[in-house]
Amino acid sequence: MNNDNNSTEDSHERIVEAPTSKPSSPGSLDNLDALSQYIKSTKGTREGRAIPPLEKWHPEDIADMDLTIKANGEWWHEGGQMTRESLVSLFATILWKEENNGTTEYFLKTPVQKIRIQVEDVPLLINDVGIVHEDDMSWLEFTTTTGDVVRLDDEHSIVLKAYNSNDSDSNNSDFSKSDQANQVSTADDVADSQELASTEQVRPYMMVRNGLTALIGRNTFYHLTEIGALSEDNGKTLLTLQSGGQSYSLSMPTE
């Protein structure tokens with residue numbers, strides 16, 4: 001995504017005082033400019049891209065915004081793609097997920113209002129992976145397009161989930177504990193699964209924060225197969241990854 005039209009955003013970067021009162025009217029945050037200015041005004045002394053304490057906010061007002069996070073990770077507002085990378089990353093810091101009567105709902109959450117948005121698959125996309133060394137330990141570190149950084153460990157494992165682009169419930173990306181030990185496919189399988197055809201696909205995901213899941217992008221997964229070790233076991237292709245002194249073996253289950 002391109003950093004275009006940055007002047008509006010940059011003009012508010014110096015705002016540090018949090019407002020002490022609610023916006024003048026309900027629904028006043030359900031447009032991009034008002035919401036972005038409000039987020040920055042409540043940023044206070046948080047450094048960089050620190051995630052606010054969303055779990056401590058309990059707003060009663062709920063509004064809807066015509067904003068959709070597509071299955072390929074793109075953000076679209078009122079029929080047009082949001083190309084301001086900095087604005088998308090800002091909004092991603094207040095992403096919130098809730099389960100309501102068996103339905104997964106996503107919001108942009110502020111202290112005074114929750115703005116309901118639509119998510120076709122999952123709200124985050126991982127587009128980079130690398131090896132980092134820390135205290136004589138090597139970790140696989142993943143980065144999302146919106147700036148989240150997460151390491152492969154027992155709490156942030158890679159899992160498979162079927163995705164159907166025609167399934168209205170496809171935005172439910174929770175995984176049961178039995179799924180947490182599940183497998184990731186070979187690079188060719190993942191490449192095929194991410195063509196977004198109208199048939200069921202198996203895609204690799206990773207838990208990031210606050211119950212939010214990220215899709216591992218195709219190119220990133222290719223890189224992952226180069227970092228790890230591929231082997232065969234009983235007709236299955238295994239991908240073994242090393243991170244934090246632990247070994248993670250992943251495979252595509254047979255049909």
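**Figure 1. Strand β6 and its neighbour β1.** Let's start where Asp-61 stands opposite Gln-113 in β6. This is a predicted model, and Asp-61 belongs to strand β1, which covers residues 61–69. Strands β1 and β6 run parallel and are joined by six bridges. How many of the seven residues of β6 are buried? Five of them are, so β6 is largely enclosed by the rest of the structure.

**Figure 2. The hairpin of β5 and β6.** Here β6 meets another partner, β5, and the two pair in the antiparallel sense over four bridges. Three residues lie between β5 and β6 in this hairpin. To find one of the pairings, look for Phe-107, whose bridge partner in β6 is Arg-116. While you look along the strands, keep a handy rule in mind: in a regular strand, side chains alternate between the two faces of the sheet.

**Figure 3. A salt bridge between Lys-114 and Glu-98.** Side chains of opposite charge can pair when their charged atoms come close. Lys-114 and Glu-98 form a salt bridge, with 2.8 Å between the closest N and O atoms. This pair links distant parts of the chain, since Lys-114 sits in strand β6 (residues 113–119) and Glu-98 in strand β4 (residues 95–100), 16 residues apart. Are these two residues buried or exposed? Both Lys-114 and Glu-98 are buried.

Figure 4. Glu-105 lies in strand β5 (residues 103–109) and Arg-116 in strand β6, so the pair ties together parts that are 11 residues apart in sequence. Another salt bridge joins Arg-151 to Glu-141, with the closest N and O atoms 3.0 Å apart. Arg-151 is in strand β9 (residues 149–151) and Glu-141 in strand β8 (residues 137–144), so this pair links distant parts of the chain, 10 residues apart. A search of the whole structure finds eight salt bridges.

Figure 5. Helix α6 spans residues 218–227, and its buried residues are Thr-220, Phe-221, Leu-224 and Thr-225. Why do these residues lie on the same side of α6? They cover an arc of only 145 degrees around the axis, which puts them on the same side. Turn to the other side of α6 and you will find Asn-219 and Glu-226 exposed.

**Figure 6. The hairpin of β13 and β14.** Strand β13 (residues 229–233) and strand β14 (residues 236–243) run antiparallel and are joined by five bridges. Leu-230 has Leu-239 in β14 as its bridge partner. Two residues lie between β13 and β14 in the hairpin, and Asn-234 in the turn has a positive phi of about 50 degrees.

**Figure 7. Stepping back to the whole chain.** Of its 255 residues, 44% are buried. Among contacts with a separation of 6 or more, 62% come from residues 24 or more positions apart. The chain exposes about 13,000 Å², and carbon and sulfur atoms supply 44% of that area.

Definitions and conventions:
Residues are numbered from 1 along each chain as its sequence is written. This is a predicted model: local features need pLDDT of at least 70, side-chain atom pairs count only at pLDDT 80 or more; totals for chains, interfaces and linings use all residues. Side-chain values use heavy atoms; hydrogens and water are left out. A salt bridge is a side-chain nitrogen of Lys or Arg within 4 Å of a carboxyl oxygen of Asp or Glu. Buried means under 20% relative accessible area, exposed over 50%, partly exposed in between (1.4 Å probe, protein chains only). The arc is that of the directions from the helix axis to the C-beta atoms. Two strands pair if DSSP finds at least two bridges between them. Contact means heavy atoms within 4.5 Å. Accessible areas come from the Shrake-Rupley method with a 1.4 Å probe; for residues, only the protein chains shown count as cover.
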